[in-house]
Amino acid sequence: MGGSGQAGSGAAALLRRWHPALPLTIAGRDIGRAQRVADGLGGATAATIDLRRGDLGLPADGTYSAVVAALWDDRLHGLRYAQHRGLPYLSISSGLVDIAPEVVAGAQRANPTPVLVAGHYCAGTVVLAALHRARQFDRIDTIRISAVLDELDTGGPAGIADLERWSTATSAGLVRRDGVFTWITGPDAQVEVRSSDGTALPG
C-alpha cells in the first residue's frame, strides 16, 4: 500500500534486490504511478487501492503473502485486510505518536499472524545503524540521534501529510533515562541539531 511513493517504491526496490523472483504488487491511489514503479521493478503488478473500503478495492481473488503499509491508513483497513486473510502486516508510515490504534487492533485478535509497527524514525533504519556502530564499544553512556529534513527530503504528498500530522500531534520528546521512557516538554525537549555543514538548527 503506497508502493508508488518515495518510501514504498524504495522498500519495493530493496525487496526486489534481496528477492529477485518475489512477485510484488504495487498498490497505490494513482494507477499510473503504481504501474511505472511495477514496470521498473520487473516481475511486479500494479493495483489501485481505496483506503475507504475494507477490501481496499482489490480483486476478491487476489492472493498476497504480506501487506506493507507505506502510507497513513487512518481507517486501518490495510491491517484488517491482512488480519482477515492471515497475512503478516508491516506499517512504516505510522509515527511514534500514532501507533496506538494499530497496537490495539493487533492485540484484539488472538492470531499468530505477525504485526510489525515500525513507528520509530525511518522505520528503524537509524536505530539499526546506531546499534551496528555501537558494537565496537565496551560501554556506551549516551546515544543521540538527530536528523534534518528540508523541502527536498519530505517525499510526495503522503510524506508531507505524515510530517504535518506528526508535527501537530506533539512537540514533546520521548527519552529513555535509567531504563525509563519519559515524555519531556518545554525547554527539556529543545535540542540543537547540527547539519552536515556544521550549521546549528533548533529542533
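**Close-up 1. Glu102 and its place in helix H4.**
In this predicted model, Glu102 belongs to helix H4, which spans residues 100-107. Is Glu102 buried or exposed? Glu102 counts as buried, because its relative accessibility is 3% and the cut-off for buried is under 20%. If you look around this residue, leaving aside the neighbours within four places in sequence, you will find Glu102 in contact with Leu76, Leu79, Tyr89, Ser91, Ser94 and Val117.

**Close-up 2. Polar contacts of the Glu102 side chain.**
Here we stay with Glu102 and turn to its polar partners. The side chain of Tyr89 makes a polar contact with the side chain of Glu102, at 2.7 Å. Ser91 also takes part: its side chain and that of Glu102 are joined by a polar contact of 3.0 Å.

**Close-up 3. An open sheet of three strands.**
Follow the strands across and you will read the order E3-E4-E5, in an open sheet of 3 strands with parallel pairing. Strand E3 (67-69) and strand E5 (115-117) are the edge strands, each pairing on one side only. On average, neighbouring strands of this sheet are turned by 10° against each other, direction ignored.

**Close-up 4. The salt bridge of Arg52 and Asp50.**
The model has a count of 5 salt bridges, and this view shows one of them, between the side chains of Arg52 and Asp50. The distance from N to O is 3.0 Å. Arg52 is exposed, with a relative accessible area of 60%.

**Close-up 5. The salt bridge of Asp74 and Arg75.**
In this pair, the side chains of Asp74 and Arg75 meet in a salt bridge, with 3.6 Å from N to O. Asp74 is exposed, at a relative accessible area of 53%. What about Arg75, with its relative accessible area of 44%? Arg75 is partly exposed, because its value falls between the cut-offs of 20% and 50%.

**Close-up 6. The salt bridge of Asp141 and Arg139.**
Our last stop is the salt bridge in which the side chains of Asp141 and Arg139 meet, at 2.7 Å from N to O. Asp141 counts as exposed at 61% relative accessibility. Arg139 is exposed too, with a relative accessible area of 65%.

Conventions
Residues are numbered from 1 along each chain as its sequence is written. This is a predicted model: local features need pLDDT of at least 70, side-chain atom pairs count only at pLDDT 80 or more; totals for chains, interfaces and linings use all residues. Side-chain values use heavy atoms; hydrogens and water are left out. Two strands pair if DSSP finds at least two bridges between them. Helices (H or I, at least four residues) and strands (E, at least two) are DSSP runs, numbered from the N terminus. Axes are lines fitted to C-alpha atoms, for helices over the stretch in contact, and angles run from 0 to 180 degrees between N-to-C directions. A salt bridge is a side-chain nitrogen of Lys or Arg within 4 Å of a carboxyl oxygen of Asp or Glu. Buried means under 20% relative accessible area, exposed over 50%, partly exposed in between (1.4 Å probe, protein chains only). A polar contact is a pair of N or O atoms within 3.5 Å; within protein, one must be able to donate a hydrogen and the other to accept it, and residues adjacent in sequence count only if both atoms are side-chain atoms. Contact means heavy atoms within 4.5 Å.
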